[in-house]
Amino acid sequence: MKSLFLRLLVSLWIAMALLVGLFAVIHGWAFSAESSSLRRRLSTRSIELRAESAVVCARDGLPGCEQRLAPLDPRDPRVAVYRSGALVAGEPVEGAAGVEERARRSAEGIAVEIDDRELVAVVLRRDPTLVAVATGPVRSPWMFFIVPETLPLRLLAIVVVTGLVAVVLARYLSRPVRVLRGATQRMAAGDLSVRVSQQLAGADGETVALGRDMDRMAERIDELLETQRRLLRDVSHELRSPLARLNIALELVRRRSPPDVEPAFDRIERETERLNGMIGELLTLSRLESGRGMERTERVDLTALVEQLVEDAAFEAEQQGCSVELGARDACSLDGNGELLRRAIENVVRNAVRFTEAGTAVRVDLECASGFAELRVRDRGPGVPEAALGDIFRPFYRVDDHRARGAGGTGIGLAITQRAVLLHGGEIEARNAEDGGLVVALKLPVVAGG
């Protein structure tokens with residue numbers, strides 16, 4: 001049993017059930033008709049007072065005497081007064097003779113008989129020749145709920161009442177843990193704006209202090225990440241100026257150099273272009289991580305966008321001896337940033353083209369259902385180890401050397417794709433296909449009718 005709520009619920013339930021059960025046993029023993037003189041005195045004194053009032057009323061000829069012996073409500077006992085076995089007031093009570101005789105012989109002037117009903121006989125103090133006999137539930141009405149008539153009902157009452165109380169207490173005691181758990185889940189998902197101290201108001205001091213510490217931790221992490229993003233953005237900006245000057249100097253040197261060094265210049269030019277592309281992607285990633293990119297949105301025809309990207313990727317695939325084919329193509333439209341969506345999908349398709357085996361095809365499917373568009377891109381490459389499927393969307397993460405520099409790329413494309421999809425309220429996942437290859441699925445919300 002790992003759930004804190006269930007542990008609290010079961011512990012409280014068992015503890016309260018034992019306490020209430022013990023109380024019920026003690027109460028039943030203390031108020032039983034055979035062993036408790038207190039209950040007799042309380043019950044019989046009430047009967048005695050009613051009987052004496054009715055006798056005086058009848059002796060003096062006052063009106064309404066019978067009403068004085070009638071039950072006030074269904075739970076009250078019915079009282080009759082006897083003198084030497086003869087009914088004086090009230091209605092006859094079956095079996096009154098035996099219990100009346102026992103009351104006269106009793107030192108206390110009280111006799112109780114319990115069978116399928118309850119008979120109580122009390123010798124009146126003002127006139128010992130008179131005996132009041134009551135029949136019915138002489139116990140207090142509230143006693144039924146604490147000590148019901150049968151053992152199954154007692155157990156059921158204990159289980160139901162203590163269960164309800166235990167549920168309320170368990171939910172109240174486990175609420176701070178649920179609040180903290182929800183906050184940590186949001187932080188793990190990247191939402192560092194979450195704060196919990198206000199939600200924990202009214203909890204114990206230690207829990208409130210823990211909530212304040214968690215808020216400070218979130219603030220500090222947010223500051224550190226913002227500093228990292230700002231540093232990355234500033235460095236990327238600063239690197240572009242030297243690269244531009246390097247390209248100019250390279251072109252000047254190329255014009256004055258002999259033809260035999262041209263391959264070296266070509267290599268330098270390719271590397272500077274690659275570095276310039278990486279800087280551009282770093283700037284894009286920094287912008288997405290700071291939550292920017294959705295300031296301006298437009299209606300995007302996702303189907304047309306995918307068709308165009310597949311057509312463009314097909315030229316690159318031909319140079320590597322493979323192809324790109326478009327399978328399902330449902331009509332889908334959404335509101336978002338068209339350029340971000342283009343880069344997100346293009347990164348996935350080009351990544352699949354780089355890693356698919358020669359002579360195979362990259363398959364792209366676009367399906368739209370239940371308010372979401374799902375784009376699946378599947379290659380026929382070596383796949384990714386299961387433990388690394390969630391890491392391939394991290395910037396600069398490399399599965400191995402083969403899937404790194406040997407295949408090209410900067411290691412930032414899938415990270416940009418993930419951030420762009422999340423900004424559009426979507427989801428992205430990667431999984432290995434059963435018969436080989438990697439499948440990357442993008443799920444995006446679409447507009448109604450699109």
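Reply: One cut-off comes first. Angles under 35 degrees count as roughly parallel, over 145 as roughly antiparallel, 65 to 115 as roughly perpendicular and the rest as oblique. Keep in mind that this model is predicted.

Take the helix pair. Helix H10 covers residues 338-355 and helix H11 covers residues 413-423. Their axes come within 8 Å and cross at roughly 140 degrees. H10 and H11 are therefore oblique to each other. The crossing of H10 past H11 is left-handed.

Now the side of H10 in this contact. Leu340, Arg343, Ala344, Asn347, Val348 and Asn351 of H10 meet residues of H11. On H11, the partners are Gly413, Leu414, Ile416, Thr417, Ala420 and Leu423. Sorted by class, the contact between H10 and H11 holds seven nonpolar, four polar and one charged residues.

Next, the sheet. Five strands form an open sheet in the order S7-S9-S10-S12-S11. The pairing is mixed. Strand S7 (323-329) and strand S11 (427-432) are the edges, and each pairs on one side only. From one strand to the next, the twist averages 15 degrees.

Look inside the sheet at one pair. Strand S10 (residues 372-378) runs antiparallel to strand S12 (residues 438-445), with seven bridges between them. Alanine 373 has leucine 444 in S12 as its bridge partner.

One more helix belongs here. Helix H9 (residues 302-319) lies across S7, strand S9 (361-369), S10 and S12. H9 runs at about 165 degrees to S7.

Methods: Residues numbered from 1 in each chain as written. Predicted model: local features only at pLDDT ≥ 70, side-chain atom pairs only at ≥ 80, totals over all residues. Heavy atoms only, no water. Pairing = 2+ DSSP bridges. Helix = DSSP H or I, 4+ residues; strand = E, 2+ residues; numbered from the N terminus. Axes fitted to C-alpha atoms, helices over the stretch in contact; angles between N-to-C directions. Contact = heavy atoms within 4.5 Å. Left-handed = near helix turned anticlockwise from the far one by under 90°. Nonpolar A, V, L, I, M, F, W, Y, C, P; charged D, E, K, R; others polar.
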